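Hi,

Here is the structure I said I would pass on. Have a look at it first, and then read my notes below.

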Amino acid sequence: MSNDGMKRREFLYGTAAMGALGLAGCTSGGDGSGDMTLRVGTSAGGTKNVGLAVEQAASNHSDSLDYATIESPGYIGTIRRMDQGQFNSGITDNNSLLKALEGRGTFSEQPVDSIPWYGFYAFPYSIYIIARDGTNIETFDDLAGKNVYPAEPGYSTRATTLDVWSQPPTEDVFNEMSIVDLSVEDAPGAMEEGEIDACIAYGTPGAGYTGWVTQIASRIDVHYVEPTDALKQSAENYGGAGTSTISYENWTMGNADIGTNEVFTWDLEVNYTFNPTASDDAVYELCRIVEEFNQSINETEPQFNNFQTTSDMLTSARAQIPVHPGAAQYFKDNDAWNDDLEVASRD
């Protein structure tokens, strides 16, 4: 992306985006204080459950913050609707944010003028690969020539997976895969019938797996596909994903024994983000709530991150995405600020 394009986008943070949100009735007056209202765009499913758990905590533990969950069509749709000023906060993922910032993927033909600012890490969708027993698939390299299902077209977990696999260290294997396009409702049956040899498995560690993956594990004998060094390199080098190594004992797929003690994952990192017109006071207050009452949020919805320290809230932050001033002040006040990050400016 050209420097001129970046300057234009930064300029629009303080002009077009704020104007649109002002029309929506969410303006804070531009000084970062005042209005304690957050309208949070949240896609369906587990993400909405997380948003509702945080909303409940805000209602129970704050006398000043007015928080409301607004249903939004997916993470990319949330970015687009925030750009249009439909709400001043939203839950979306790093991969979609970076694509929007850099004009890649769906944003190459339909760009947005503004990118929301980072607030804090909400939860991961951690992803790895399983294969049907009897397919002779043991490592990632064995997927060449096989029928592979990376989730339903349009899913962010699929987009992040394909982005990781198409990196230079693994693109040769990826180019030889036969990628299966099916709905998640049809995937378990297709795998049971032998139409799918391997698929991704994902969920939030400690909280469980997505429903269709659980169905596969309950109906079919599957095993873990070992990552190659090239796959680890692809995942670690791709800026739109995080990586983790997780004990399988602490994140079992029902009663399935998939033949490993730990899994290497690439992670779709999901964040709370805020437009410039979300007041500093409102964002600061939300940061306080999600840390101080983290346990009660986890009891309501285990998918939300369990923060051991304030710094954990910044785990998914990226240098390219400025941090909302209200969140940045909270991290500074709690000795958790990372000097490699940028505090967003409304100037």
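**Starting from Arg-288**

Arg-288 is buried, at a relative accessible area of 19%. Before going further, please keep in mind that this is a predicted model.

So what does Arg-288 pair with? Its salt-bridge partner is Glu-285, and the closest N and O atoms of the two are 2.8 Å apart. Both residues belong to helix H11, where they sit 3 residues apart, about one turn of the helix. In an α-helix there are 3.6 residues a turn, so residues three or four places apart point the same way. Glu-285 counts as buried as well, since its relative accessibility is 12% and the cut-off for buried is under 20%.

Take H11 (residues 280-292) and H13 (residues 325-333): their axes come within 7 Å of each other and cross at roughly 50°. That angle makes H11 oblique to H13. The crossing of H11 past H13 is right-handed. On the H11 side, the residues in contact are Asp-280, Val-283, Tyr-284, Cys-287, Arg-288 and Glu-291, and they meet Pro-325, Gly-326, Ala-327, Gln-329, Tyr-330 and Asp-333 of H13. Sorted by class, this contact holds 6 nonpolar, 2 polar and 4 charged residues.

How do H3 and H11 lie relative to each other, parallel or perpendicular? Their axes come within 10 Å and cross at roughly 100°, so H3 and H11 are roughly perpendicular. Val-54, Ala-57, Ala-58 and His-61 from H3 make the contact with Leu-286, Arg-288, Ile-289 and Val-290 from H11. The class count here is 6 nonpolar, 1 polar and 1 charged. Notice that Arg-288 turns up again: it is listed in the contact with H13 and in the contact with H3.

**Other salt bridges**

How many salt bridges are there in the whole structure? The search finds 11. The background is simple: side chains of opposite charge can pair when their charged atoms come close.

One of them joins the side chains of Lys-48 and Glu-71, at 2.9 Å from N to O. Lys-48 is in helix H3 (residues 46-61) and Glu-71 is in strand S2 (residues 66-71), so this pair ties together parts that are 23 residues apart in sequence. Lys-48 is partly exposed, with a relative accessible area of 27%, and Glu-71 is partly exposed too, at 47%.

Another salt bridge is formed by the side chains of Arg-104 and Glu-102, at 2.7 Å from N to O. Arg-104 counts as partly exposed at 28% relative accessibility, and Glu-102 is partly exposed with a value of 33%.

**H4 and what comes after it**

Is helix H4 mostly covered or mostly open? Mostly covered: 7 of the 10 residues in H4 (residues 74-83) are buried. The buried ones are Tyr-75, Gly-77, Thr-78, Ile-79, Arg-80, Met-82 and Asp-83.

Gln-84 is placed in the loop between H4 and strand S3 (89-93), and Gln-84 is partly exposed, with a relative accessible area of 47%. Along the chain, Gln-84 and Asp-113 are 29 residues apart, while their C-alpha atoms are separated by 8.9 Å. H4 is also followed by Gly-85, which has a positive phi, near 80°.

**Two backbone spots to check**

Most residues other than glycine have a negative phi. Here are two that go the other way.

Asn-136 has a positive phi, near 60°. You will find Asn-136 in the loop between strand S4 (117-132) and strand S5 (147-149). At 65% relative accessibility, Asn-136 counts as exposed.

Asp-335 has a positive phi near 55°, and it is not a glycine either. Look for Asp-335 in the segment after H13. Asp-335 is exposed, with a relative accessible area of 74%.

If you want a place to begin, I'd open Arg-288 and Glu-285 in H11, then follow the contacts of H11 out to H13.

Cheers

Conventions: Residues are numbered from 1 along each chain as its sequence is written. This is a predicted model: local features need pLDDT of at least 70, side-chain atom pairs count only at pLDDT 80 or more; totals for chains, interfaces and linings use all residues. Side-chain values use heavy atoms; hydrogens and water are left out. Axes are lines fitted to C-alpha atoms, for helices over the stretch in contact, and angles run from 0 to 180 degrees between N-to-C directions. Helices (H or I, at least four residues) and strands (E, at least two) are DSSP runs, numbered from the N terminus. Angles under 35 degrees count as roughly parallel, over 145 as roughly antiparallel, 65 to 115 as roughly perpendicular and the rest as oblique. A crossing is left-handed if the near helix is turned anticlockwise from the far one by less than a right angle, and right-handed if clockwise. Contact means heavy atoms within 4.5 Å. Ala, Val, Leu, Ile, Met, Phe, Trp, Tyr, Cys and Pro count as nonpolar, Asp, Glu, Lys and Arg as charged, and the others, Gly among them, as polar. A salt bridge is a side-chain nitrogen of Lys or Arg within 4 Å of a carboxyl oxygen of Asp or Glu. Buried means under 20% relative accessible area, exposed over 50%, partly exposed in between (1.4 Å probe, protein chains only).
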